[in-house]
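Good morning, colleagues. Please look at the display as I speak.

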Amino acid sequence: MDYMKETKDISAEEAIILWQASRLSLSKSYEKAPEILKVHGSVIGTLGNFSASIGKAKSKKTFNVSAIVAAALKNGTVLRYVAELPEDKRKVLYVDTEQSPYHCLKVMTRILQMAGLPDDRDNENLEFLTLRKYTPEQRIRIVEQAIYNTPDIGLVIIDGIRDMVYDINSPSESTRIISKLMQWTDDRQIHIHTILHQNKGDENARGHIGTELNNKAETVLLVEKDKGNGDISHVSAIHIRAMDFEPFAFRINDKALPEAKKPGRPEEEKFDPYKHITEQQHRIALEAVFGLKEKYGYKELEDALIKTYMSVGVKLNHKKAVSLITMLRNKRMIVQENGRKYTFMPDFHY
C-alpha cells in the first residue's frame, strides 16, 4: 500500500495562495515559539515543535518521559525537567502504542505520584490512550482526532512512534508520520515528544523514521544505562537546537519512581569486603599479616591489613579497613582473645 497517496494533489490556484501565505517578510513581526520544557536552563521543547527520546531496551526511556509529563502536570520541576505551560495549554495527552492497559495504568499512576497529585482518581489535565490493539493507520487517525478535539492541549507524548508506521524503513511512511508531527504541532501550537528505540548494534535511532526524527526534531534526548550500575540511567542531548545542557543521571528508587542522582562524579558502589575481595585474596593477605606476627592490637592490625591487601591488588583506606575487620570478625576469619588482641583462624570457612 502506498501511504503517500492519502496526500491529495492541490490545484494551481490553491498552490498560489499557499505560496503567497508562506512568504517571509521583514515588514511582518513573528512571535518566538513559547518555551515550555527546559533542562538546567536549556530549552528542549517549544510550542509548535517536536522532540524525541531514544535509547536501547531497558534504558528506562518511559521512566524518563514520565518525569517530563509529571513536570508538565505540576507546571514545575521534576527530576531535572522544568515545565512552563501557558494557562490555556495545560492539558497533556499521553499515547502508548506498546503496553497493555494494566501496564499503562502503572505508568499513569507513577506520573501522578511524581507530580505530587492524587493517584486514586483521574486528573483533568492528563488523558492517557492505550492503542496497542490498533493498526498504525488507526493509531494515526485516533491521535489526530484527539489532538484536534482536546481543548487546552499543550503537550503530547507518543510512546512508540515506530508503531505509527507499518515499516520503519519505508521512506514514504517515515516522511508521512514526521510530516504529521510537524502539521499537528504547527496547527495546534503544541509540543509533541516521541519515544523511539535505538538499534542494538549501534547508537542510531531505528530505521528510516529514526533518521527523519534526527533531521527534523527540535531536540533528541539519549537515555542510556550506566555501564557500571544498571540501576542508573544517563540523559544527554545528542541533538539540540538551543544551548546544550550538562548530562544528568537518575536512578529508580524503592518506590519505583525516578529520582535525580547527585551531580558530580559517578557514585561508586558501596564497598563490600565479602563481595569485592576474593577468598584467595583474603587468604594470601591474612597469611602474610599473621606470618609476621601472631597477635595484633586493633590499630596495628588495621595498618598491617592496609599494607598487605595492597600487595594482592586491594586498595584500602581507613573506612574500608574498618569494614574489612568487621567482616573478618563476623566470619571468624580472625578472633579477638579476651577482648584484646586479634589472632588468625587459618581453617576458616568462607
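Helix H9 (residues 298–311) and helix H10 (residues 318–330) have axes that come within 10 Å and cross at roughly 105 degrees; axes are lines fitted to C-alpha atoms, for helices over the stretch in contact, with angles from 0 to 180 degrees between N-to-C directions. H9 and H10 are therefore roughly perpendicular to each other, a term for angles of 65 to 115 degrees. In this contact (heavy atoms within 4.5 Å), H9 contributes Tyr298, Leu301, Glu302, Leu305, Ile306 and Tyr309, and H10 contributes His318, Ala321, Val322, Leu324, Ile325 and Leu328. Ten of these residues are nonpolar, one is polar and one is charged. Here Ala, Val, Leu, Ile, Met, Phe, Trp, Tyr, Cys and Pro count as nonpolar, Asp, Glu, Lys and Arg as charged, and the others, Gly among them, as polar.

A word on the source: this is a predicted model, in which local features need pLDDT of at least 70 and side-chain atom pairs count only at pLDDT 80 or more, while totals for chains, interfaces and linings use all residues. Residues are numbered from 1 along each chain as its sequence is written, and side-chain values use heavy atoms, with hydrogens and water left out.

I turn to Ile177, which lies in helix H5 (residues 171–188); helices are DSSP runs (H or I) of at least four residues, numbered from the N terminus. Is Ile177 buried or exposed? Ile177 is buried, with a relative accessible area of 1%, where buried means under 20% and exposed over 50%, with partly exposed in between (1.4 Å probe, protein chains only). Leaving aside neighbours within four places in sequence, Ile177 is in contact with Ile140, Ile161, Met164, Val165 and Ile209.

How values were computed. Helices (H or I, at least four residues) and strands (E, at least two) are DSSP runs, numbered from the N terminus. Angles under 35 degrees count as roughly parallel, over 145 as roughly antiparallel, 65 to 115 as roughly perpendicular and the rest as oblique.
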